[in-house]
Amino acid sequence: VMDNFEHLHKAGSLVLELLAKAPCLKILVTSRTRLMLKGEHLFCVSDLSRPGLVLAGSEKTAVPARAKETWDAVALFLSAAHRVRPDLLLDKKNFQAVSRICDLTGGMPLALILAAGWMDVFPPEEIADQIQESLDFLRTDIQDMPQRHQSISAVFDTSWSCLAREEKELLMTLAAFEHSFTLAAAARVAGIDSQTAARNITNLARKSLLRADPETGRFEMHPLLRQYAGKHLSASGHKENVLSAHTLYYLDLACENEQGLIGASMPACRRNMDADFPNIRQAWQRAVDQKDINPLVRAAKGIYIYFDMHTLYHEGLALFEPARALVMEKARTAPCPDMALILLCRLDMAANDRLTARQSSELKEMAGLCLRLAVKRKEQSGRAFSLLLMGAVAQKEQAWDKAIRLFGLSLRA
């Protein structure tokens with residue numbers, strides 16, 4: 001048995017020599033890095049199972065009683081916590097915080113043990129907050145703990161030091177992805193060609209720094225490693241550029257999928273959107289935070305179609321509402337005709353809600369503003385969206401003839 005073999009650089013020749021001299025020998029190697037030998041058989045060790053952060057109301061009351069038996073991460077955290085706090089009981093009050101700790105640590109055993117070591121000082125809610133705030137919180141002063149295991153940062157420092165410069169640069173860039181991603185997305189956001197991206201992503205995956213799913217062709221970074229790489233990205237001075245590239249890529253992707261979602265390729269396009277939508281949501285939220293209206297307008301129709309085909313109107317409303325507030329703000333400083341589309345999408349996601357007199361007046365005013373701008377700038381799409389918005393407001397007000405007339409005008413815009 002050879003443990004922690006990644007610390008022995010280029011020691012694969014030793015394994016080959018042993019096997020050559022003892023043909024019946026079988027060697028079990030644990031390593032974060034592949035040996036890249038012809039005879040090796042891989043057995044990937046996954047993270048410990050952990051509960052989701054959101055549980056159905058009927059489930060929530062029953063969960064704590066069977067949590068240890070159901071989720072390995074919870075069982076390990078409680079076992080380690082009992083060393084410093086023997087009277088700890090898992091109940092409905094603290095279960096969500098413990099679940100959050102399991103999620104933030106990604107089910108990594110060492111991280112769970114280090115987190116549990118703070119239970120004699122802090123409640124689980126505070127521990128979760130501290131982990132989210134800084135990776136450096138996951139450390140210990142236990143004297144007989146091996147130095148390389150006394151902090152999560154020390155574990156990652158070892159792997160980081162073994163990377164080539166371009167691998168470090170790519171790993172920092174990939175910290176922008178909070179969810180799984182494709183090779184094409186990584187190449188575009190990193191600004192490198194697909195062959196270079198494929199080579200370096202493969203290297204990172206074979207060093208256990210990325211999780212690869214051969215079935216889907218998607219990759220994902222462990223949440224703690226993403227936090228670590230994110231610190232290096234911030235220190236590099238390139239964080240804003242990388243996040244902007246991520247935002248533009250995924251909002252443009254939503255725009256590109258617009259026709260596919262209503263055409264012959266709809267099933268495949270829908271599956272791709274399902275896989276990428278967490279990234280699209282992340283990109284949308286960042287564009288709103290950055291007050292960048294143009295990519296939001298480009299992506300709005302594709303995102304609307306996606307929500308509509310899934311009948312996810314409450315989720316759609318939650319996504320479009322902050323963008324609506326941004327449109328109302330931009331109307332006073334830098335209005336554009338196509339902003340009417342975002343107001344229209346938000347209005348349609350709340351199809352069952354009645355408009356107040358004030359809301360109706362605001363929407364009519366905005367539709368009129370966008371229409372005047374569209375006519376002045378001769379922008380056909382802005383004119384159509386403005387008339388559609390006017391028609392939708394009229395429909396809400398049960399002014400049926402007016403709504404029909406406005407919808408007809410929008411089709412001829």
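The buried residues of helix 17 pack against helix 15 (293-309), helix 16 (313-330), helix 18 (357-377) and helix 19 (380-396). The model is a predicted one.

Colleague: What makes helix 17 mostly covered?

Modeller: Ten of its eleven residues, within 339-349, are buried. Buried means under 20% relative accessible area. Among the buried residues of helix 17 are Met339, Leu343, Cys345, Arg346 and Met349.

Colleague: Why is Trp118 called partly exposed?

Modeller: Its relative accessibility is 21%. Partly exposed lies between the buried limit, under 20%, and the exposed limit, over 50%. Therefore Trp118 counts as partly exposed.

Colleague: And why does Phe122 count as partly exposed?

Modeller: Phe122 has 28% relative accessibility. That value falls between 20% and 50%, so Phe122 counts as partly exposed.

Colleague: How many aromatic pairs does a search of the whole structure find?

Modeller: The search finds 14. One of them joins Trp118 and Phe122, with 5.9 Å centre to centre and 35 degrees between the planes.

Colleague: What makes Trp118 and Phe122 a pair, and why is it tilted?

Modeller: Take the distance, then the angle. Ring centres must lie within 6.5 Å, and these are 5.9 Å apart, so the rings pair. Stacked needs under 30 degrees and edge-to-face needs over 60. The planes make 35 degrees, so the pair is tilted.

Colleague: What about Phe177 and Phe181?

Modeller: Their centres are 4.6 Å apart, with 35 degrees between the planes. The distance is within 6.5 Å and the angle is between 30 and 60 degrees, so this pair is tilted. Phe177 and Phe181 are both buried.

Colleague: What makes strand 1 and strand 2 the edge strands?

Modeller: Strand 1 (181-182) and strand 2 (211-213) each pair on one side only. The open sheet has three strands in the order 1-3-2, with antiparallel pairing.

Colleague: Which residues make the nonpolar surface patch, and why can Leu18 be in it?

Modeller: Leu14, Leu18, Leu19 and Leu25 make a patch of about 280 Å². Leu18 is in helix 1 (residues 12-21). A patch residue needs over 30% relative accessible area; Leu18 has 32%, so Leu18 passes that cut-off.

Terms used: Residues are numbered from 1 along each chain as its sequence is written. This is a predicted model: local features need pLDDT of at least 70, side-chain atom pairs count only at pLDDT 80 or more; totals for chains, interfaces and linings use all residues. Side-chain values use heavy atoms; hydrogens and water are left out. Rings of Phe, Tyr and Trp (its six-membered ring) pair if their centres lie within 6.5 Å; planes under 30 degrees apart count as stacked, over 60 as edge-to-face and the rest as tilted. Buried means under 20% relative accessible area, exposed over 50%, partly exposed in between (1.4 Å probe, protein chains only). Patches are made of residues with over 30% relative accessible area and no salt bridge: like charges are joined within 9 Å, nonpolar side chains (Val, Leu, Ile, Met, Phe, Trp, Tyr) within 5 Å. Accessible areas come from the Shrake-Rupley method with a 1.4 Å probe; for residues, only the protein chains shown count as cover. A salt bridge is a side-chain nitrogen of Lys or Arg within 4 Å of a carboxyl oxygen of Asp or Glu. Helices (H or I, at least four residues) and strands (E, at least two) are DSSP runs, numbered from the N terminus. Two strands pair if DSSP finds at least two bridges between them. Contact means heavy atoms within 4.5 Å.
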